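Please open the structure in your viewer and keep a selection tool at hand.

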Amino acid sequence: MFQSLIDVILPIFLVVGSGYFTTKFNYISQSNVEGLMKFAQSFAIPLLLFKAISTLDLSASFNPALLSSFYSAAFLCFLIGIFGARLFFHRPWEDAIAIGFCCLFSNSLLLGLPITERAFGPDNLTGNYAIIAFHSPFCYAVGITTMEIVRNQGGSLLQTGKSVFKAMFQNVLILAILLGFVVNVSGLQIPTIGTEAIDLITRAALPCALFALGGVLVQYKPEGDIRTILFVCFTSLMIHPALVWLFGSLQTLPQDLFRSGVVNAAMATGFNGYIFANIYGKAKRVAASSVLFATGFSIFTVWFWLTLLGS
């Protein structure tokens, strides 16, 4: 299993490292990295989310006990991240919310899915797909709403509501997810030529995002933020799965769903943590470094959680 984790995680480091060193030694310019990040963040990843949601079997994936266990734990980690950043590291509220979002958003797609499949087999992924279906909508709704409330302090309730609504529906990721649900529920068939084009673009989404993240890390060194980064890593890798374990046990989740919940909660901070920080221009150095550090630490922490789960 340890070798399997390395097989899953090491390629991610190689892609991130490629972006880092090609940018550091000026083979690719910083402006090119920013363009690649723009492509991944604003076009390829939204299409990836649209495709995933539009083709998901929602009836087979929905389990209230699993979702309440996972997302109540995620929300608590969001609060831990915000108030920890504020009280322990004296970060401004907007920075604290971006840091809280990093604690909230685990890498359920890029890491959670392949690790669960390797650990427990392809017939035990129902819980993973349920979590993935609601992951981005839930996390972005929580993060954007909280950020807009803080940014509109002193404004009226109506003004704050308008700001939240505007921010939600200007976010291309949210729009892609909503369109995916519309296509899924309506049964609308996308022409083959359209699905093949979407497939071509979505294959580039995660590699481009990871490569661009490496280039971004060149300008965001962890100096001065290492304690905050380690705090994010501990919250993501240890507190979140521990809470899901507690809540799942209390609700007597079936074994396959319980495993999916804990494993997905134990994943490193997802790339969307950096995307959220980049959208608002807050705590970008912490977010970028947390993605990299937490992914590295997860080689050992995921091994720990899988051992407890009997893998």
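The count comes to 5 salt bridges, a salt bridge being a side-chain nitrogen of Lys or Arg within 4 Å of a carboxyl oxygen of Asp or Glu. This is a predicted model, in which local features need pLDDT of at least 70 and side-chain atom pairs count only at pLDDT 80 or more, while totals for chains, interfaces and linings use all residues. Residues are numbered from 1 along each chain as its sequence is written, and side-chain values use heavy atoms, with hydrogens and water left out.

Select K51 and D199, whose side chains form a salt bridge with an N to O distance of 2.8 Å. This pair links distant parts of the chain, since K51 sits in helix α2 (residues 30-54) and D199 in helix α10 (residues 192-217), 148 residues apart; helices here are DSSP runs of H or I with at least four residues, strands are runs of E with at least two, and both are numbered from the N terminus.

Next, select R91 together with D95 and D225. The closest N and O atoms of R91 and D95 are 3.1 Å apart, and those of D225 and R91 are 3.0 Å apart, each pair forming a salt bridge. D225 lies in the loop between α10 and α11 (226-250), whereas R91 lies in the loop between α4 (64-87) and α5 (93-104), so that this pair links parts of the chain 134 residues apart. R91 counts as buried because its relative accessibility is 13%, and D225 is buried with a relative accessible area of 7%.

Now show the whole chain as a cartoon, where the protein has 14 helices and 0 strands. Its C-alpha atoms fill a box of roughly 50 × 45 × 45 Å along the principal axes. If you colour by accessibility, buried residues make up 52% of the 311 residues.

Finally, display the contacts, meaning heavy atoms within 4.5 Å. Of the contacts with a separation of 6 or more, 85% are between residues 24 or more positions apart.

How values were computed
Buried < 20%, exposed > 50% of the residue type's maximum accessible area, 1.4 Å probe, protein only.
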